[in-house]
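Dear colleague,

Please find the structure below, handed over for your use. My notes on what was found in it follow directly after.

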Amino acid sequence: MAHKPLLDCVFVPIASVEDARATARAVTPYLRDRDATVVVGHVIEKAGGAPDKASVEQRERLAEEIFEVVDDEFANEDISHECHVRYGTDVADTIIDAADEFDADAIVFTPRGGSRWLRLLTGDVSLSLVTQSDRPVVVLPDVEEADTDG
Amino acid sequence: MADQQQELARDLGFLEAYTIGLGTMIGAGIFVLPSIAADAAGPASMISFLIGGVVSLLAALSLSELATGMPKAGGSYYYVNRALGGFFGSIVGWGMWGGLMFASAFYMLGFGQYLTYFVPMGATGVAIAALGMAALLVAVNYYGVKETGALQNVIVIALVGLIIVFVAFGVLNVDMSTLRPFNPEGWGAVAATAGTVYVTFIGFEVIATSAEEIKNPSRNLPLSMIAAVVTPTLLYVLVMFVSTGTLSIDLLADSSIPVADVAEEFLGSVGALAMVVGAVLATVSSANASILSAARVNFAMGRDNILTNWLNEVHNRFRTPYRAILATGVFILALIASPVPIGTLAEVASFSYLVTYSLVHVSVMVMRRADPEDYDPAFQIPDVLYPVVPAVGFVASLAILAQMNTVVTLVGITIVGVGVVWYLGYARNQDIKEGLVGEAIAPEPTPATTNGGGDGYRVVVPLANPKTERDLLRFAAASAHAHEDGDAELVAVNVIEVPRQTSLEQDVAFEEERVSRQQELLDQARDIAAELDVGLRTRAIVSHDAGDAILDVVEDEDADHVVLGWRGSRTTREHVLGSTLDPVVERSSCEASLINLASETEPDRVGDVVALVGEGPNAPVTVRRAAEFAAIEDDATLALLNIQAPDADADADASPEERGRDLIERVAAEVSLDVDYDTEVVVGDDVEATALEAVDAYDTVCVGATREGAVSQTLFGSLPETLGERASGTVVMAQGASTSPQSIREAIIERLSR
């Protein structure tokens, strides 16, 4: 009986260098040796008319750094993947659109934590993804944090 | 895909760019300055605002041309650094940073002053309110609290609306007799006041710093910049007209909330309250934009190695340049807390920006004259206005600077001094770009001189692998021996590369093993040099980036030739030859040879040497190299080889063989080759395959580097690379001295010698 695939083609949004390492390690056990297509994305948030917090060029460099970390992590595991930058005023919407563009089976990420106040001020992308996505969202625990906690 | 992304990154249309400019322009200036300006120059201070507007308009035109030609983060700093080099780049970078700090402190004190409308408080209270708001703004930008374009638009529309209402009602109420005497202090005071109020005009720069984000920049950028200068200029002049026509100069000069006091006269307390709200919005929005602009300047300076990139770390969670924002914030708080009067803060900011814009005008002219290949501005100052605009703009900026008072001039010059000292003490020793002034002065573009140093011929040899050390030194020594006329010598370099995150000193302590290996390697190099009978100095270096370190040595030693080992394969998608080799090959100004040894395990035999001779610019240097290497061994031979495509049409003047022979003779004559050599011409369709087959008989192959862009090389590969990868013998890729931008000194010498 054929199952509708969940992890054959996944979209993995990554927010920062630290996140890149954590996420790559978290998803590896699920994607290793599966011949899955992994699309890694980083969203550069635009203010859409107000001045951005940092210049686009500066954040494009950050995206490069993030992708390098992902390349390194996945190279050890031989997971084939591609990396893309997307721009948008709303990070969650942009991620959902990108997942749609690559026709991903699911959006896979590790939550970035943070206090309630910070989330209120800086926007809670995790919550928006879970509540707004029109395709499955897989939230993986941060392996390292779980290790140190346990 | 790339184009599409480019488009997506550009999300500012004319209106957005215009409102960003207005949001910064209609700032504290017009709400705070009327009292200071009226005090200094009476009703004639409206002329000061007009002068400021005209000077800004000139700067806007020059900036538009530069910004569309170089849409990079950093604005004026970037353009000046590119055109005039690191010295002026450092001055403008620090000037803009300092100017934005002083301006922000000025805005915040203005904010505090307007709060006195609600809570009567003295200077200390004002300063405390200013400190609180400044700290809040720093926090907002540190934590990346989301601001939207919609909010920005509401603020700007509200401000413009308020000022228009103020002007419309005020004009009806102006009493012509209070406008007399119109110019009590004389025109000198008017000009000096133009300097004071210039701070209200620095905001349009924000549009240039956002050039990379503007849609259809050739139209929208100049248009929004001009509009963002003209609108506030008109409004300012009218506000001054109304203010000086409503209140007497004495009343106005004593007011700390001038615009509200004036509005009170004809709009009552509702009008005054509205103006206070406007002032609060304006000061906050201006200071906010200034703090973000400062971070962009820091980023651009870090990108050019003029400032440490440590400042430009992007926060892991908030994705903001938090260190740059904090650093700027600390200075702003210090300035607010300092006893510097509010007027002086404004004037120092004006001073810094006038210095910046005067250099911007010079940069436009330099860029036009030097006309580098990658500079193709979508907007150009119209022919009828060039070079009038930059010339007048430059003179006018200096004229206003000359009118400013002594204290301000001293503080302003101190900021310039910081830039100079920073350049001399720090930036100069980093890897920074040469400006284009030399190119602009030079009579016409000239290929760079071949021999860098006037004294002995110097060959730099970066060494990393003890196994290949001897062979590399042997080739280098051959090149040195060929230039025995001076005191030829070798400089052996080894670089210990440490990760960027660690400081250099810190890492070395843990790396004793690597350090001792470095010593061994260099000791061995000395022994080999003694055997080869060639002078050798060694340099042991610890650096974050081996490529940069080697480039530094090449420059420092004024080297004539750099000999590098090369694995002969492409490494990754980003680097053509390797992360260390790429920068050296691309940026070193001297001749370079990349040597792919046939074998790492046994000593190389030079044996039969062949040089591939083509039409390329590196053909002469290739032949010279081949001749030098063939001289190493007594029984070595030298052959020059040319590959021709078979004739397409029969009635060509000469057969392919003849054409090949001609070319070889020509190149041999060009380098005045005085040793015996064989000539070989091979005809074949596929250059690569033919070359591979033809060189198989030789032990050492010399080939000229293809000087195409890195991109086309990665996409299509190149002949030298293919040879390096597949040929069985030793492959040497030779590159001539490059045509890097001429230094100013060289250009002047050249010009004078004509």
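In what follows, a residue is called buried under 20% relative accessible area, exposed over 50% and partly exposed in between, using a 1.4 Å probe and protein chains only. By that scale B:Asp533 is exposed, with a relative accessible area of 63%.

This is a predicted model, in which local features need pLDDT of at least 70 and side-chain atom pairs count only at pLDDT 80 or more, while totals for chains, interfaces and linings use all residues. Residues are numbered from 1 along each chain as its sequence is written, chains are lettered from A and ligands numbered from 1 in the order in which they are written, and side-chain values use heavy atoms, with hydrogens and water left out.

Backbone exceptions

Most residues other than glycine have a negative phi, and most peptide bonds are trans. B:Asp533 has a positive phi near 60° and sits in the loop between helix H21 (512-532) and strand E3 of chain B; helices (H or I, at least four residues) and strands (E, at least two) are DSSP runs, numbered from the N terminus. B:Asn216 likewise has a positive phi, of about 40°; its place is the loop between H10 and helix H11 (217-246) of chain B, and at 43% relative accessibility B:Asn216 is partly exposed. A cis peptide bond links B:Arg180 to B:Pro181, with omega about -5°, and another links B:Tyr386 to B:Pro387, with omega near 0°.

The sheet of chain B

Ten strands make up an open sheet of mixed pairing, in the order E3-E2-E1-E4-E5-E10-E9-E6-E7-E8; two strands pair if DSSP finds at least two bridges between them. Strands E3 (535-543) and E8 (678-683) stand at the edges with a single partner strand each, so one side of each has no neighbour in the sheet. Neighbouring strands are turned by 20° against each other on average, direction ignored. Axes here are lines fitted to C-alpha atoms, for helices over the stretch in contact, and angles run from 0 to 180 degrees between N-to-C directions. E1 (residues 458-462) and E4 (residues 561-565) run parallel and are joined by two bridges; B:Val459 has B:His561 as its bridge partner in E4. Helix H19 (residues 466-481) packs on the sheet, its direction making about 170° with that of E1. Among the strands that H19 touches are E2 (489-497) and E5 (591-596), where contact means heavy atoms within 4.5 Å.

Helix H17 of chain B

B:Val408, B:Gly412, B:Ile415, B:Gly419 and B:Tyr423 are its buried residues. Helices H6 (86-115) and H15 (342-370) are included in what covers them.

A buried arginine in chain A

A:Arg59 belongs to helix H2 (residues 56-77) of chain A and counts as buried at 7% relative accessibility. Beyond its neighbours within four places in sequence, its contacts include A:Glu45, A:Asp52 and B:Arg319.

Yours sincerely
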